[in-house]
Amino acid sequence: IGQDGGYIKFTTQILTKSQMVSDMGGKSFGVFGYQYSGDWSTVQAQITPNLFNDGASPAIVSCDESGICTYSPMAKWSLGYKYSFFAYYPTSGVIVSDASREGTPTLKYTLPSREDATLLEDVLTSVVYDTDNSTSGSVNFLFKHRLFAIDVVGVNFNEDVEIYLDDI
(Lines give C-alpha, C1' and ligand atoms only; values in the text may rest on other atoms or scores of the structure.)
Protein backbone atom coordinates (compact mmCIF):
# COMPACT_ATOMS: atom_id res chain seq x y z
CA ILE A 1 0.00 0.00 0.00
CA GLY A 2 1.48 3.29 -1.11
CA GLN A 3 1.70 6.55 0.76
CA ASP A 4 -0.18 9.69 -0.16
CA GLY A 5 2.00 12.26 -1.91
CA GLY A 6 4.59 9.69 -3.04
CA TYR A 7 6.09 9.85 -6.51
CA ILE A 8 4.74 7.77 -9.37
CA LYS A 9 7.38 5.25 -10.38
CA PHE A 10 7.69 3.06 -13.44
CA THR A 11 9.48 -0.20 -14.08
CA THR A 12 9.94 -1.94 -17.40
CA GLN A 13 10.37 -5.42 -18.69
CA ILE A 14 11.11 -6.04 -22.34
CA LEU A 15 9.73 -9.28 -23.72
CA THR A 16 10.86 -8.86 -27.30
CA LYS A 17 13.69 -11.38 -27.48
CA SER A 18 15.83 -13.75 -25.52
CA GLN A 19 19.13 -13.09 -23.84
CA MET A 20 21.63 -11.72 -26.36
CA VAL A 21 24.60 -14.01 -27.00
CA SER A 22 27.87 -12.11 -26.69
CA ASP A 23 30.29 -14.98 -26.08
CA MET A 24 30.35 -18.46 -27.64
CA GLY A 25 31.99 -20.00 -24.55
CA GLY A 26 29.95 -23.02 -23.48
CA LYS A 27 27.86 -22.99 -26.66
CA SER A 28 27.72 -25.01 -29.88
CA PHE A 29 27.33 -23.78 -33.44
CA GLY A 30 27.00 -25.38 -36.86
CA VAL A 31 29.38 -24.92 -39.81
CA PHE A 32 28.88 -25.70 -43.48
CA GLY A 33 32.24 -26.20 -45.22
CA TYR A 34 33.12 -26.03 -48.91
CA GLN A 35 36.42 -27.06 -50.52
CA TYR A 36 37.06 -26.02 -54.14
CA SER A 37 39.49 -24.72 -56.74
CA GLY A 38 39.07 -21.13 -57.87
CA ASP A 39 37.04 -18.57 -55.95
CA TRP A 40 33.64 -18.64 -54.27
CA SER A 41 31.94 -16.23 -56.69
CA THR A 42 32.73 -18.63 -59.55
CA VAL A 43 31.93 -22.00 -57.94
CA GLN A 44 28.99 -21.10 -55.67
CA ALA A 45 26.33 -21.73 -58.31
CA GLN A 46 27.17 -25.44 -58.55
CA ILE A 47 28.92 -26.53 -55.37
CA THR A 48 27.34 -28.31 -52.40
CA PRO A 49 28.78 -28.58 -48.88
CA ASN A 50 31.54 -31.17 -49.16
CA LEU A 51 33.92 -30.75 -46.24
CA PHE A 52 32.29 -32.17 -43.10
CA ASN A 53 30.63 -35.54 -42.52
CA ASP A 54 31.21 -36.59 -46.15
CA GLY A 55 29.03 -33.64 -47.22
CA ALA A 56 25.97 -35.13 -45.51
CA SER A 57 25.58 -32.52 -42.76
CA PRO A 58 27.27 -29.50 -41.23
CA ALA A 59 29.85 -29.87 -38.49
CA ILE A 60 28.63 -29.15 -34.98
CA VAL A 61 31.34 -27.22 -33.15
CA SER A 62 31.30 -27.21 -29.34
CA CYS A 63 33.11 -24.51 -27.39
CA ASP A 64 34.13 -24.85 -23.75
CA GLU A 65 33.79 -21.97 -21.29
CA SER A 66 37.26 -20.67 -22.15
CA GLY A 67 36.43 -20.50 -25.88
CA ILE A 68 38.34 -23.57 -27.07
CA CYS A 69 36.22 -25.07 -29.86
CA THR A 70 36.27 -28.67 -31.14
CA TYR A 71 34.33 -30.87 -33.55
CA SER A 72 34.50 -34.45 -34.77
CA PRO A 73 35.50 -35.92 -37.12
CA MET A 74 38.15 -33.31 -37.82
CA ALA A 75 38.67 -32.12 -41.41
CA LYS A 76 42.10 -31.40 -42.89
CA TRP A 77 43.32 -28.58 -45.07
CA SER A 78 44.48 -29.61 -48.56
CA LEU A 79 47.09 -27.62 -50.45
CA GLY A 80 45.94 -25.90 -53.62
CA TYR A 81 42.30 -25.53 -52.55
CA LYS A 82 40.22 -22.65 -51.26
CA TYR A 83 37.58 -22.96 -48.55
CA SER A 84 34.42 -21.10 -47.57
CA PHE A 85 32.65 -21.58 -44.24
CA PHE A 86 29.14 -20.62 -43.16
CA ALA A 87 28.44 -20.74 -39.41
CA TYR A 88 25.17 -20.45 -37.53
CA TYR A 89 23.84 -20.43 -33.97
CA PRO A 90 21.77 -21.98 -32.43
CA THR A 91 22.02 -25.56 -33.66
CA SER A 92 18.59 -26.54 -32.36
CA GLY A 93 15.30 -24.93 -33.26
CA VAL A 94 16.48 -24.08 -36.77
CA ILE A 95 16.12 -25.81 -40.09
CA VAL A 96 19.23 -25.72 -42.26
CA SER A 97 19.25 -26.24 -46.00
CA ASP A 98 19.66 -29.72 -47.38
CA ALA A 99 23.23 -30.86 -48.06
CA SER A 100 22.33 -31.28 -51.74
CA ARG A 101 21.48 -27.56 -52.07
CA GLU A 102 23.99 -25.79 -54.29
CA GLY A 103 25.52 -22.48 -53.26
CA THR A 104 25.10 -20.51 -50.08
CA PRO A 105 23.28 -22.50 -47.38
CA THR A 106 20.08 -21.21 -45.83
CA LEU A 107 18.74 -21.16 -42.32
CA LYS A 108 15.08 -21.08 -41.29
CA TYR A 109 14.12 -19.95 -37.82
CA THR A 110 10.51 -20.07 -36.68
CA LEU A 111 9.43 -18.00 -33.72
CA PRO A 112 8.53 -20.52 -31.02
CA SER A 113 5.70 -18.58 -29.39
CA ARG A 114 3.89 -15.30 -29.82
CA GLU A 115 2.85 -15.34 -26.19
CA ASP A 116 6.23 -15.99 -24.56
CA ALA A 117 9.09 -13.99 -26.08
CA THR A 118 11.55 -15.47 -23.57
CA LEU A 119 11.53 -18.65 -25.70
CA LEU A 120 13.21 -16.80 -28.59
CA GLU A 121 16.81 -17.61 -29.47
CA ASP A 122 19.44 -15.07 -30.46
CA VAL A 123 20.16 -16.16 -34.04
CA LEU A 124 23.75 -15.55 -35.20
CA THR A 125 25.50 -16.18 -38.51
CA SER A 126 28.99 -15.73 -39.86
CA VAL A 127 30.83 -16.40 -43.11
CA VAL A 128 34.46 -16.67 -44.21
CA TYR A 129 35.05 -16.78 -47.99
CA ASP A 130 38.01 -18.01 -50.04
CA THR A 131 40.41 -18.87 -47.24
CA ASP A 132 43.15 -21.46 -46.89
CA ASN A 133 45.65 -22.46 -44.22
CA SER A 134 48.41 -20.12 -45.38
CA THR A 135 48.22 -17.96 -42.24
CA SER A 136 47.27 -19.80 -39.06
CA GLY A 137 45.16 -22.79 -40.03
CA SER A 138 42.31 -21.43 -37.91
CA VAL A 139 39.04 -19.96 -39.14
CA ASN A 140 37.98 -16.89 -37.17
CA PHE A 141 34.23 -16.29 -37.22
CA LEU A 142 32.79 -12.85 -36.50
CA PHE A 143 29.15 -13.61 -35.73
CA LYS A 144 26.37 -11.14 -36.56
CA HIS A 145 23.04 -10.92 -34.75
CA ARG A 146 20.17 -11.59 -37.14
CA LEU A 147 17.14 -10.90 -34.93
CA PHE A 148 18.30 -7.81 -33.10
CA ALA A 149 15.91 -5.39 -34.80
CA ILE A 150 12.83 -7.01 -36.25
CA ASP A 151 10.23 -4.39 -37.02
CA VAL A 152 6.74 -5.33 -38.08
CA VAL A 153 4.81 -2.66 -39.95
CA GLY A 154 1.17 -2.93 -40.98
CA VAL A 155 -0.98 -0.68 -43.12
CA ASN A 156 -4.70 -0.68 -42.42
CA PHE A 157 -6.95 0.74 -45.11
CA ASN A 158 -10.07 0.32 -42.95
CA GLU A 159 -10.40 3.49 -40.88
CA ASP A 160 -13.01 1.97 -38.54
CA VAL A 161 -10.64 -0.52 -36.90
CA GLU A 162 -9.26 0.27 -33.45
CA ILE A 163 -6.02 -1.19 -32.17
CA TYR A 164 -5.62 -1.50 -28.43
CA LEU A 165 -2.22 -1.17 -26.82
CA ASP A 166 -2.60 -4.45 -24.94
CA ASP A 167 -3.00 -6.26 -28.29
CA ILE A 168 0.41 -5.18 -29.58
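User: What makes the 6 strands an open sheet, and in which order do they lie?

Analyst: This is a predicted model. In it, the strand order is 3-2-1-4-7-8, with antiparallel pairing. The two ends of that order are strand 3 (69-70) and strand 8 (144-145). Each pairs on one side only, so they are edge strands.

User: How do you know that strand 4 and strand 7 pair?

Analyst: Pairing needs at least two bridges between the strands. Strand 4 and strand 7 have 6 bridges, so they count as paired, in the antiparallel sense.

User: What holds paired strands together in general?

Analyst: Strands of a sheet pair through backbone hydrogen bonds, and the pairing can be parallel or antiparallel.

User: What is the overall make-up of the protein in helices and strands?

Analyst: There are 1 helix and 8 strands. Along the sequence the pattern reads β-α-β-β-β-β-β-β-β.

User: Why is Asp-54 called exposed?

Analyst: The cut-off for exposed is over 50% relative accessible area. Asp-54 has 82%, so it is exposed. Asp-54 sits in the loop between helix 1 (40-43) and strand 2 (59-63). Its C-alpha lies 9.9 Å from that of Ala-75, a residue 21 places away in sequence.

User: Which residues have the most contacts inside the largest nonpolar core?

Analyst: They are Met-24, Phe-29, Val-31, Phe-85, Phe-141 and Phe-143, in a core of 17 residues. Strand 4 gives the most, with 4 residues.

User: What is Phe-85 in contact with, leaving aside its neighbours within four places in sequence?

Analyst: A contact needs heavy atoms within 4.5 Å. The partners of Phe-85 include Val-31, Leu-51, Trp-77, Val-127, Val-139 and Phe-141. Gly-33, Ser-126 and Thr-131 are also among them.

User: Which residues does the second core include?

Analyst: This separate core has 12 residues, among them Tyr-34, Ile-47, Val-94 and Val-123.

User: How many of the contacts between residues at least 6 apart in sequence join residues at least 24 apart?

Analyst: The share is 66%.

User: What share of the protein is buried, and what makes up its accessible surface?

Analyst: Buried residues are 28% of the 168 residues. The accessible surface is about 12,600 Å², and carbon and sulfur atoms account for 51% of it.

How values were computed
Residues are numbered from 1 along each chain as its sequence is written. This is a predicted model: local features need pLDDT of at least 70, side-chain atom pairs count only at pLDDT 80 or more; totals for chains, interfaces and linings use all residues. Side-chain values use heavy atoms; hydrogens and water are left out. Buried means under 20% relative accessible area, exposed over 50%, partly exposed in between (1.4 Å probe, protein chains only). Accessible areas come from the Shrake-Rupley method with a 1.4 Å probe; for residues, only the protein chains shown count as cover. A nonpolar core is a set of buried Ala, Val, Leu, Ile, Met, Phe, Trp, Tyr and Cys residues joined through side-chain atoms within 4.5 Å.
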